[in-house]
Amino acid sequence: MSTGDDQPTISTAETVASSALDAGKAKKKRSQFTGNDRKVFLAMVGIPTFIHVAIVWIPTLLSILLSFTKWRGNDISEIEVTGVENYDVVLLGAFQGDTIQAILNNLWLLLFLFFGPTLLGMGLAYLLDKNLKGTRIYQSLFYTPVVLSLAVVGFIWQNIMYDQNYGLATWAFGGGDRVDWLGNQEFIFSIGNYGLSKNFLAILMAMAWRHTGYIMVLYLAGMKSVDAALRESASLDGCNEWQTFRHVLFPTLKPINVIVVVITVIEALRAYDIIAILNEPRNTELLSHLTTNALIGEGADNIGRGSAYATLLFLLCIGFVLWYVTNHYKKQENTV
Amino acid sequence: MSDMKFDFDTSPSGSAFSEPSDNVHFEATKTPLRPARVVLHVFLASLGILWMVPLVISLYSSFRPFAETSRKGFLSAPESLGLANYREALDRGDFIDKYWNTALILIPSLVLTIFLASLIAFAASRYSWRFNIFFLVLFTAGNLLPQQIMVAPLFQAARRIPLPEIMSNSEKLNGSNWMIILLHVGFQMGFCTFVLSNYMKLLPKELNEAAMVDGASLWTQYWTIIMPLTRPALAALATLEFAWIYNDFFWAVIFEQRGDDRPITSALSNLGGEFVTDTNVVSAASIFVIIPVLAVYFALQKHFIAGLTLGANKG
């Protein structure tokens, strides 16, 4: 991470040589930066890296370390190493209930995003890719919510859709009664003491409103790049529409599928805003809320426990992140 | 070709939203309307209208008195329309102050993020050196982490770092715009580096070679050769990052405890309570919050979509 001591050997020849097109005329010319250029180069790498590492990676490592300690956030000398005690409390002890419900909620969110907005978005993209008249207008309609923050989405849905008396959801499904969409913490189905609560499902609907357009636009971009001739020949060969989609279009969308999976998993683990703006109704908390509630605000003085929650969140996503990133750059190394 | 090389050409035929170019698609343009097409149009139009309901009704109700919608419902013909809800929302929500405060955070964050990301992207994608891929992995992975994992140490550090009163009301880094800018720059840089390095990689290698032969310095190569060619990606990123930074809720809620000093999206968390009894003032407040980002989106839709599909790696 310290860029200062590594003095990178710069060689443009290597990059040129690896490019298949230019392989013929590549000259083995080794040019190394000298003098001012070297300083500029080090600054170009060093300054952004310093800021990024200081804001992202060092705090990440420190959080993991803090998860093995007890600290109220006062004097640094009061930090007390307690080993796995926080994990014990969070996973097996007094907070076990909160933790399990939060992890389940993260899981519901993930499954919901996959089977709701992702399939719907893919379907819409497929339909909108048919060269319809007015397809751009349709696209804009579905896409507009994507530019809004989930916090605003929550704010708007709470007001227009889920108002207990006047909301449109109440109007459409309430049968003339008040409905407490966001307060109803009853489980739709439960597993022991845990489950999927009605208010969480209401929030999932609002999230779908934003997520569908996002997925749609990604697939639309992917489908546009598929050669029409490929599809045409498939239909000439007697494939019906489903077969063409399943065996011709879908396999070419693999890179998009990977991105969609990454986005969905990360989004499901990171989600915070919409539930926070609705004041975290009971049974809708995610791991992200347990983390921040232990760290910041009134009565939040348990840095160790908050960090343990954060570390769980980190562990749930890091393998995935590394898998994606290394694959991406491995491919790039091969193709460039 | 198997990885994410979307079409990020900003020429009219390039974006996902453009008219299909002639090499794409079947004969469709001149086919007569078949029943299947009609069904498809009806389906898409109904779903599209349904999709717009929350926004359209927010806008509509924001012009109507609460007494009227509470009696007749949101979906009713108007008796009177006016700006009273906006006056009230402006009065209670201080939106002018909040716009200003948002701009003070947004503009420096945006410029710094993209500038710094372009430096590292240039250095790591235009030259091969021992650790260039490592750096790209570091930035890309960093951007995909959940923000919650960084909060505790950052928060504890920020509340201990002093700032002169002129820079921060709280005289600490915590609670100042500087901290929020720093967080945006550090975090968003990962995504911008990812996108820009992917883009810069595709520019012909000979550009640097030729410039070196001409004796151009490294900075000249960056600033006068590569950056101008990267303009489409920069435009796309700037549009996208505008929305993301504008939409930020998490950082500002955590690091700015005083509700009045928060930028607009995170200020929502204390707006709710202020208008709780009047759905239509809440609607007007929502419109105040979403207008800037919707305006940018409608003006720069092409860049926006290009940005999403060209990086397409985060939510």
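Q: Why is Gly175(B) called buried?
A: Gly175(B) has a relative accessible area of 10%. Buried means under 20%, exposed over 50%, partly exposed in between, with a 1.4 Å probe and protein chains only. Gly175(B) is therefore buried. This is a predicted model: local features need pLDDT of at least 70, side-chain atom pairs count only at pLDDT 80 or more, and totals for chains, interfaces and linings use all residues. Residues are numbered from 1 along each chain as its sequence is written, and side-chain values use heavy atoms, without hydrogens and water.

Q: What does Gly175(B) touch, not counting residues up to four places away in sequence?
A: Ser170(B), Phe255(B) and Glu256(B). Contact means heavy atoms within 4.5 Å. The C-alpha atoms of Gly175(B) and Gln257(B) are separated by 6.3 Å, though these residues are 82 apart along the chain. Gly175(B) sits in the loop between helix H6 (148–158) and helix H7 (177–201) of chain B. Helices are DSSP runs (H or I, at least four residues), numbered from the N terminus.

Q: Why is Leu119(A) called partly exposed?
A: Its relative accessible area is 48%. Leu119(A) lies in helix H4 (residues 96–128) of chain A.

Q: What makes helix H13 (residues 287–295) of chain A largely enclosed by the rest of the structure?
A: Eight of its nine residues are buried, so H13(A) is largely enclosed. Among them are Leu287(A), His289(A) and Leu295(A). Gly297(A) follows H13(A), with a positive phi near 100 degrees.

Technical notes:
Chains are lettered from A and ligands numbered from 1 in the order in which they are written. Helices (H or I, at least four residues) and strands (E, at least two) are DSSP runs, numbered from the N terminus.
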